[in-house]
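Please read the following report alongside the sequence and the model.

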Amino acid sequence: ALFLTSVPFAYSGTFTASHAALHCAPSPSADAGTGRASQAASTAPARATRATINRFRVPRGVTSVGASPDGKTIYFAAAGKVSRMPVTGGAAREIGSGDSFVVDPDSGDLIVKLDEVGTFRLVRLSPDGGQNTPVAMHSADLRMIPEGLAPGGIRHGKLVLPVTTVDSWNWFPALLDLKTGALTRVPLKYDTDFHYLTWTADGRIVGAGLGMQAALWKFERKK
């Protein structure tokens, strides 16, 4: 199911997204060919019971969800396509290609990630659809990873996202300036593989990752 909240929402420690954030959860009772979406509002913690306001159908296999800055439109990605629909329900309308996305709160555009064979790309897509515009990324060694973009990932023109380097299998937090295309790593004092990253309402970065531990063993032959 899809749940829409109009307040900051913590999703099982994975990420925190402010303002009409959306998250995905399995829907065991959904019909064979569709999932069911639920619009809900809550001022309680994520584990508390939420009151359902409305329900509507969405395709199976939703990989990314988001909402317009005014809270009137829901966007979702499924099967490589991005669609929109009113929060009050109704038919979904496809607006472009994409595997995950983040809504830009300043312009209302969608920054869409395309997972293609051998590469990943970012494009800017109008909420009304039409031709997308490539988003520049300038870095000699940083690359995007297979994981999707997280809701709430843009703040003041900066997209926070996990990246990797050409000579490492680790995943690091990074900031992409959507105006200049400058992509820079966020410095850390510890090692963690970050899978999802977003902003908190007060401008801090929060993410989900896998911690790493390593040990060096020496084996000696018995004499």
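His-156 counts as exposed because its relative accessibility is 64%, where exposed means over 50% relative accessible area, buried under 20% and partly exposed in between, computed with a 1.4 Å probe on protein chains only. This residue lies in the loop between β16 (154–155) and β17, and although His-156 is not a glycine, it has a positive phi of about 50°. Strands here are DSSP runs of E with at least two residues, and helices are runs of H or I with at least four residues, numbered from the N terminus.

The model is predicted, so that local features need pLDDT of at least 70 and side-chain atom pairs count only at pLDDT 80 or more, whereas totals for chains, interfaces and linings use all residues. Residues are numbered from 1 along each chain as its sequence is written, and side-chain values use heavy atoms, with hydrogens and water left out.

Ala-79 is another non-glycine residue with a positive phi, of about 55°, and its place is in the loop between β8 and β9. With a relative accessibility of 77%, Ala-79 counts as exposed.

The pairings are listed below.

| Strand pair | Sense | Bridges |
|---|---|---|
| β7 and β8 (residues 73–78) | antiparallel | 5 bridges |
| β8 and β9 (residues 81–86) | antiparallel | 6 bridges |
| β9 and β10 | antiparallel | 4 bridges |

The hairpin of β8 and β9 has 2 residues between the strands, while the hairpin of β9 and β10 has 6 residues between the strands and includes Gly-89, whose positive phi is near 105°.

Which residues have the most contacts inside the largest nonpolar core? They are Leu-122, Leu-159, Leu-161 and Leu-176, in a core of 16 residues, a nonpolar core being a set of buried Ala, Val, Leu, Ile, Met, Phe, Trp, Tyr and Cys residues joined through side-chain atoms within 4.5 Å. The elements that give two or more residues to this core are β15 (142–144), β17 (158–165) and β18 (172–177). Apart from it lies another core, of 11 residues, which includes Ile-95, Val-112, Val-123 and Leu-125. Leaving out residues up to four places away in sequence, Leu-122 touches, among others, Ile-111, Val-112, Lys-113, Leu-159 and Leu-176, with contact meaning heavy atoms within 4.5 Å.

Thr-164 lies in strand β17 and, at 12% relative accessibility, counts as buried. Its side chain reaches the backbone oxygen of Asn-170 at 2.9 Å. Beyond its neighbours within four places in sequence, Thr-164 is in contact with residues including Asp-141, Arg-143, Met-144, Trp-169 and Phe-172.

Terms used: Two strands pair if DSSP finds at least two bridges between them. A polar contact is a pair of N or O atoms within 3.5 Å; within protein, one must be able to donate a hydrogen and the other to accept it, and residues adjacent in sequence count only if both atoms are side-chain atoms.
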